Every structure is written in structure tokens, then in C-alpha cells.
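Keep the sequence and the 3D view open while reading.

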Amino acid sequence: MALFDLFGACSRPEPRVVRTAADPPVPPQDALQLLAEGNRRFVNGTPLGARTKDELRRRLVDEGQAPHTAVIGCADSRAPLETLFDAMPGDIFVLRNAGNTCTHSEGSMVGSLEFCTGKLGSRLILVLGHSKCGAVYGATKAYLSGARGKASALEGLLQGLGSVAQQAAEQLGPGAQEEDVAARAVSVNVFQTMAFLMRYSESIRESVRTGQVQIHGGIYHLETGCVEFLGQCPMQGQLLDSTMSIPPSMAHADAPSRGVHGVRTGADAAVSKAEALQLLKAGNRRFAAGALTSTTTSGSMRKALVSCGQAPHSAILGCADSRVPVDTVFDAMPGELFVLRNAGNTCTHSEGSMVGSLEFCTGKLGTRLILVLGHTQCGAIAGATQTFQANESKAPGCALEGLLQGLASVAKTASEELGPGAAPEQLVAHAVKVNVFQSMNFLLKFSAPIREMVRKGELDIQGGIYHLETGCVEFLGRSPQEAELLASSESLPPSMAVAAVRTAQNEPMEPKSALSLLKDGNDRFVVGAPVAKVHRSMREALATGQAPHTALVGCADSRVPLETVFDALPGDLFVLRNAGNTCTHAEGSILGSLEFCTGALKTRLIFVLGHTSCGAIKGATAAFLAKQQKASHALDALLQGLGSVAEAASKELGKKATEEEIAKRAVKLRTCSTPWTSCSNSASRSGRRCARGSWRSRAGSTTCRRVAWSSWGAAPGNPSW
């Protein structure tokens, strides 16, 4: 006996290697070839896939699955799919029911295939019927006999397959025998199931369109053991134009809870913000548990949605990610959710559309809850984080780059909150949360109607994160900055608030507001999203007079175009420029101009802007270190005049400081050494120092801010405030 076992063991081949998630995806044609070869071995009686061992099974556990093919087959015990394709564990993802059909198991079948092709990377779907199929033959008999009624689930299944028998009978024509009709119905049923997958699954359709996935049909012949491969569906081109996103469901919603018409319409009572939040939470719990109650809409429901109008209980600002279908995530029916989506659930580049849409929804439709929904593993946020970490200052080469640059501030905030050393995945995860709150804050800051409704308690803005891994939504509550933002005076998003220029008709702007405009404008410049545009009527208005909100003293360096740097409109800035942003040899001109601006034009903020790598400051530093005394040209005199700044920087840094370090420090000292106390304007005489390097007059009418144009601790192009 032992000798027999020994020889038997020696004669048997070693188990084949199993497929795991560590293996690359298999192209559709290669996967089809693997199935054909496996079936050939089965027919020839030389299978290789039956043997496994502990090591192979452990790999399947440790590394996960990556089946090369998903197969929909019949539950018939005579057609064991793994056996007839001589497949190893891990090779094929198998779905089976009586009749290899989607007539009564559409949600399960389509959802499973979306998972297999989307998550597991399978690139081939095979729908496999078989000869002498009891389900199809029974359906054919029921159809030809004219049987109606559903006394059992089986009869319901057979009637669901009746359309297959009907189509087969029509193809064969009058007089066809029942056996012939049933045999033809087997292949018709295969193609009908293939068509169903493409008609009711957007993700599968898209994968087929791009060539990522192929759907083939086949028939297993019980008599020979051979699989006849039928190819792709003849109607595939037409089916790929379908707009259906989910298959019809067999589940039935509780009609009263959905509205008087079975769906929510304008005929239903308003839903409070608290009730709306509970509806979202309950719907997501059902989704996560796989117990959806939303059903397909009937003709009467659709008519009610048209005739009665909409009254959604919640507005959702979510990501366009295909893995986060918002209505599905909350198990919602048509009419329940007003959904806005873009990559990154953001307002960075679509603020007018987003804010305007939400004002319509809350103001006109009566919605009392806005939910900003981010999600884990967000590709847009991950890309923005990479953009931030690359720290590259360049204009976007395409709209996608512009979007990622616009979101980079989210990654920057997340990085600052987590501190140095945060792992990339931690940074992305935290940035998702930061982005949700930033979008919530944007709505509060730039929409007067939304702010007013929140103040009155008529509207609630909540945040949430959808976890792809579990299907659950983590509800974050309100923005921590809500109370502060309710004091905002902004009425329009930045991209829509540029239609007016400042003229003499405008009231003087408070220094704090003017400084905020400078900061916001520079932020737009940094991320490559300027909004300043001028049209004819604006130019005509400017001819009536000016009222700049800020007087700006800057360097003449061509790399620092001040109006561009602050994304300013004509009429916003009163700009004075010279090499080195200095008053050493132009004090009369500079100070006289500022007296005119603050006195006659009533500007309340003076802003002095230096910049890094300033040629004038570098030259002055070099001249100081070389102890150059004689000035033979005007340039020499200018550099000598700036020498006191280089000297002060040198003393601060000590004898070991390099020329570059001295010049860098001198830039900041230059902005703080302008002789404002020489100014005779009543609004700027006898001033006192204010916090953060600012100077304010006794009367408080004019504020002077000095900053250096720098990238210290900020994105390139940001002033060091």
C-alpha cells in the first residue's frame, strides 16, 4: 500500500501556482484562452487544477484574490464551472443561479460583477449557458402553453424567463418544435444576460467602452463536455449608449415614507433639518448593510415628479468619484436628494455654480440641510497633496493641474495641522477632512442667503466622509468656524464678484478689509486661478474717478507685477514702484504721492512690498561689503543709499553671515525702514508702532503694512505676512 502511494504520488504533477492579488491583471483575450485550454484539459481527462496544498491556500488568504475571469453560470449540478474549466482556486469569480439569468437577481449579479471588475481587476466576463437547461426548458414550456400566474417563486422565475422563449420562438418561426425552441432559447438567454449587464451598469459599460473589460457568451454542451464560445453581444454598440445606472430592484420601498406618490415631490410636507439628517443616516445604514429599500420608479411616480415638482429633503455636495454614487450611498429615491458633484467635492473652481445651485435649492425648493460629503482614498485630494509636496511654482498646463493646484491649500493646511513627519497616507486622509470643512466654510463665507438661513435656524450645513472600505458615512457635524463665518459680509463667490471696479463713488475701505482683499487676491494668483477681468463698462466707470483701497509701494523688478500678484482690478491699487522699493532718493515723490493717496483719495492702507532675490538689495549688500565709497553713477548712489540696510542686516546676523544671508535679511529690513515719520499728512504724522510690524496713526485713519515677497513657509508666490 505504501509503495502504491509512493508511485502514485510520483506520477501526479505538482499543483499549479494560484493567482493572487500579487499577479497583474490578465487581458481579456488571454483570459479567454485560459478558459479554452482549461476546458480542453477537462474534455481530454487531463485536468491540472484539482490539486492544491497548504502553501497555495495560504497565499490566497495572505495576498487576496485577482480572478482573471468572472463567470455567470447555471446552478445545474451537471455544470460545475471550476471543474469544466479545470480552474485553480483564485482563477475565476463564479456567480450561479438557475438559468444563468438576471431576471430576478439583478442587484446581486450586477453588483458582484462591478465588484469583480472594479475592485479585483478581472477583465473578462463570461455568461455561460448549457444544453438541456431545466430552467430555460421550463420557461419555454410555460410560454408555449400560455401559463400565467405566480403560485410560487419557481413559477415567477419561469415567467421571468418567458421573454427568452418568446424571442427564440419568433426567431425560429411558426411550427417550431418545443425542443428546438428551448435549445435556441439557451443561446438567446446568454445574450440577454450579457445585454442586461451593459444596459444596467454604468461602470461595466464604461469598462467595455474603454476596452478594459470584454463580455463574452458561451454554451456548455453536457453531451460532449465542450464549451462553445459565442463571442460578444451583437447589440453591444447600441447597449453602450444606455443611460441606466443601476438595475431594476426587486425590493419595494415603504410608499408612505417616500411620499404621497411613492416618491418625494412638491406635494409632500417640508422636512426639518434634523429629520433630513436622520433620513440620510438611516439610508446609509441600509446601504452599508446591503438592505436597500429604494425601488425603480413607476410611470405614475415619474409623472408625479413632473407635475408636482421637486422638494428634496437634503442637498449633497459630493465627489464625482464613480465609487461614491451619492443617491445609492443614502438609499435614496428620485426626488429626495439635490446632488452636486465634482472631483474633490470642492468650490475652488466651480464656486459660482455650486453656491448658486445651493441658494436655489435652499431658497426655492425649501431644502433645510446641506451635506458636504468627502470620501476616503479621494484621487483628487491625493493628487493635490502630491502637487503641494512637489512645491513647484508653475502655471497649470491643463484644467486638471489647475484643479489640483486649487486644492493644494487643503493639503498645506493638513500638513500644518499634522506637523512634520506625517506619512503620505495620513496626510491625504486628513486633507479629505480639511477639504470638507473648507467647502462648508466657503458656502458660509460667500453666500448671504445661506448665511441668513443658518442664522435664523432654518438651514443646517453638515460635513461627512464616506468610507469606501465599509460603505459607512462618518458624519462630522458643523464647521468649527461657523459662528465666525456668519459675520462675513461677502455676498458673492470670488469668481462672480469681479463685475464692479472701485471708483470715486465708493466709500473708503477699512484697512483690515483692504488687507484681506490683498491676501485673497494673492492666494488666487498663487494657485493659478485669477478672476480679475475688465470690460468696457468698467473702464468707462473708472473715468469718473478713483478710490483705491490700498496704496502699494513695491520694487520695479519685472518679476513682481503688483496688480497681477494681488489679482487686482484697475482702480484697486495706487502703485508706486522703484528699484528696491525705497525712499532713499525719491522720498519727495513717494511721500508726496502717498499724502495725495491717503488725503485726497482717502485710501486707508499703505502696503510696502519687498521681494526675495531683489537685485537692488543684493547690489547694495555687495557694495557695502566691498566698502565702496565713491558714487560715479546714479546707480552707485542708489546702492550706497541702500547700504544702511545691508549694514543693519550684517550687524544683526554677525560676522559669520554670508553675503546671501545678509541680502536676504536686508530685504525684510528694507520694508521696515521707510521714513514714514517724515510724512506731513495729518493722517500719518506722529504715528505709533502696531503689532506684527504695522504702523498706525493716532487717528487710526491710515495703516501701513510692510511685508517681504517670499516663499518662507508658504507656497511660492505668497508674501510672508
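Predicted model: local features only at pLDDT ≥ 70, side-chain atom pairs only at ≥ 80, totals over all residues.

Strands of a sheet pair through backbone hydrogen bonds, either parallel or antiparallel. Here, 5 strands form an open sheet in the order S2-S1-S3-S4-S5, and the pairing is mixed. Strand S2 (92-97) and S5 stand at the edges. Each has a single partner strand, so one side of each is left without a neighbour in the sheet. On average, neighbouring strands of this sheet are turned by 25° against each other, direction ignored.

Strand S3 (residues 124-130) runs parallel to S4, and 7 bridges join them. His130 has Tyr220 in S4 as its bridge partner. On the S5 side, strand S4 (residues 214-220) pairs with strand S5 (residues 227-231) in the antiparallel sense, over 4 bridges. Ile219 stands opposite Glu228 in S5.

What do S4 and S5 form, and how many residues lie between them? They form a hairpin, with 6 residues between the strands. Gly225 sits in the turn and has a positive phi of about 85°.

**The helix pairs**

Two packed helices are described by the angle between their axes and the distance between the axes. The table gives both values for each pair.

| Helix pair | Angle between axes | Axis distance |
|---|---|---|
| H6 (residues 134-145) and H8 (residues 162-172) | roughly 70° | within 8 Å |
| H18 (residues 399-418) and H19 (residues 424-446) | about 115° | 8 Å |

Take H6 and H8. Their axes cross at roughly 70°. That makes H6 roughly perpendicular to H8. From H6, the contact uses Ala139, Thr140 and Tyr143. They meet Gly162, Ala165, Gln166 and Ala169 in H8. By type, the residues of this contact of H6 with H8 divide into 4 nonpolar, 3 polar and no charged.

Now H18 and H19. Is their crossing left-handed or right-handed? The crossing of H18 and H19 is right-handed. H18 brings Leu407, Ser409, Val410, Ala411, Thr413, Ala414, Ser415, Glu417 and Leu418 to the contact. In H19, these residues meet Gln426, Leu427, His430, Ala431, Val434, Asn435 and Gln438. The residues of the contact of H18 with H19 comprise 8 nonpolar, 7 polar and 1 charged.

Terms used:
Residues numbered from 1 in each chain as written. Heavy atoms only, no water. Axes fitted to C-alpha atoms, helices over the stretch in contact; angles between N-to-C directions. Helix = DSSP H or I, 4+ residues; strand = E, 2+ residues; numbered from the N terminus. Left-handed = near helix turned anticlockwise from the far one by under 90°. Contact = heavy atoms within 4.5 Å. Nonpolar A, V, L, I, M, F, W, Y, C, P; charged D, E, K, R; others polar. Pairing = 2+ DSSP bridges. Parallel < 35°, antiparallel > 145°, perpendicular 65-115°, else oblique.
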